[in-house]
Amino acid sequence: MEGKEQDVSLGANKFPERQPLGIAAQSQDEGKDYQEPPPAPLFEPSELTSWSFYRAGIAEFVATFLFLYITILTVFGVQRSPTKCQSVGIQGIAWAFGGMIFALVYCTAGISGGHINPAVTFGLFLARKLSLTRALYYIVMQVLGAIVGAGVVKGFEGKHRYAQYNGGANFVAPGYTKGDGLGAEIVGTFVLVYTVFSATDAKRSARDSHVPILAPLPIGFAVFLVHLATIPITGTGINPARSLGAAIIFNKERGWNDHWIFWVGPFIGAALAALYHQVVIRAIPFKSK
């Protein structure tokens, strides 16, 4: 028996815990080789002379174009089927949105950061992760990409069928109020942008370097889950470019009636997520300089 206890003791000393637990783990943050990146300047004129700046905008344009193309076609495929059982259903639509975000963020993260959404860009701008110049440029390119993507879908489907399926536009479903729709968009965008902050947090990467994290995966999964929850309420916007592109190409009263919700809601949700992550989770304003 004594021999066994000795073996256990030797083994415990030879193979200590790689990662401390609880408060001990939190206290180790100070010992990490990590520096808080400086906040991005409000205006960065030198960006305008850099090819990487324009390349990033082109990447945002192409990614948002592909996002609208695949997702709206998926929505039409479900609406065309006589019953949901003969199509991929709401789950399939949610997977199309989440899966495309996963794929496109993976492809473009190293070029533009893989925003593909003005709300994400807005949240990162509020957290001083990018300049106002770049934020505005990204949003313009995202909106243009969404318009082109929705336009290509209309070209495939034809005017009659495109109008019959409401152009994939977002609106508050019957039985729900505008307040319901606004709340769904705020909370849904909060989930998305909070996930973006957490998945791309450099401090977390330094602290949890032993845990491999593929950032696009939780971001795409967040989009999938939010769509499952809010498709029955608003069709799920949480992306003003996606909502605007579909509304412009659809261009019917129904697509514009509630359109303000799909800008105000996501921007409020993004602002709250940025505030929560920077002030509560990271406590950046309270850190000694």
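Axes here are lines fitted to C-alpha atoms, for helices over the stretch in contact, and angles run from 0 to 180 degrees between N-to-C directions. The exercises below use a predicted model.

**Exercise 1.** Determine how helix α4 (residues 89-108) and α10 are oriented relative to each other, and describe their contact.

Solution. 
- Step 1. The axes of α4 and α10 lie 8 Å apart, at an angle of about 155°.
- Step 2. Angles over 145 degrees count as roughly antiparallel, and α4 and α10 are therefore roughly antiparallel to each other.
- Step 3. The crossing of α4 past α10 is right-handed.
- Step 4. On the α4 side, the contact residues include Trp-95, Phe-97, Ile-101 and Phe-102. On the α10 side they include Phe-221, Phe-224, His-227 and Leu-228.
- Step 5. Sorted by class, the contact of α4 with α10 holds 17 nonpolar, 4 polar and no charged residues.

**Exercise 2.** Carry out the analysis for helix α8 (residues 178-199) and helix α10 (residues 216-234).

Solution. 
- Step 1. The two axes come within 9 Å and cross at roughly 175°.
- Step 2. That angle makes α8 roughly antiparallel to α10.
- Step 3. Among the α8 residues that meet α10 are Asp-180, Glu-185, Val-191 and Leu-192. Their counterparts in α10 include Ile-219, Val-226, Thr-230 and Ile-233.
- Step 4. The contact of α8 with α10 divides into 11 nonpolar, 5 polar and 2 charged residues.
- Step 5. Ile-219 of α10 is listed in the contact with α8 and also in the contact with α4.

**Exercise 3.** Work out which residues join α5 and α6, and how the two axes run.

Solution. 
- Step 1. The axes of α5 and α6 come within 9 Å, crossing at roughly 175°.
- Step 2. This makes α5 roughly antiparallel to α6.
- Step 3. From α5, Pro-118, Thr-121 and Phe-125 take part; from α6, Leu-132, Ala-135, Tyr-138, Ile-139 and Gln-142 do.
- Step 4. The classes are 6 nonpolar, 2 polar and no charged residues.
- Step 5. Leu-132, in helix α6, touches Phe-125 and also Pro-41, Leu-42 and Phe-43, leaving aside residues up to four places away in sequence. Leu-132 and Pro-41 are 91 residues apart along the chain, yet their C-alpha atoms are separated by 8.0 Å.

**Exercise 4.** Decide where in the protein confidence is lowest and where it is highest.

Solution. 
- Step 1. The protein has a mean pLDDT of 85, with 81% of its residues at 70 or more.
- Step 2. Confidence is lowest in helix α2 (residues 22-27), at a mean of 39.
- Step 3. Over residues 15-31 pLDDT stays under 50, and the model has 7 contacts beyond four places in sequence for this stretch.
- Step 4. Confidence is highest in helix α5 (residues 118-126), at 97.

Note on methods: Residues are numbered from 1 along each chain as its sequence is written. This is a predicted model: local features need pLDDT of at least 70, side-chain atom pairs count only at pLDDT 80 or more; totals for chains, interfaces and linings use all residues. Side-chain values use heavy atoms; hydrogens and water are left out. pLDDT is the predictor's confidence in each residue, from 0 to 100. Helices (H or I, at least four residues) and strands (E, at least two) are DSSP runs, numbered from the N terminus. Contact means heavy atoms within 4.5 Å. Angles under 35 degrees count as roughly parallel, over 145 as roughly antiparallel, 65 to 115 as roughly perpendicular and the rest as oblique. Ala, Val, Leu, Ile, Met, Phe, Trp, Tyr, Cys and Pro count as nonpolar, Asp, Glu, Lys and Arg as charged, and the others, Gly among them, as polar. A crossing is left-handed if the near helix is turned anticlockwise from the far one by less than a right angle, and right-handed if clockwise.
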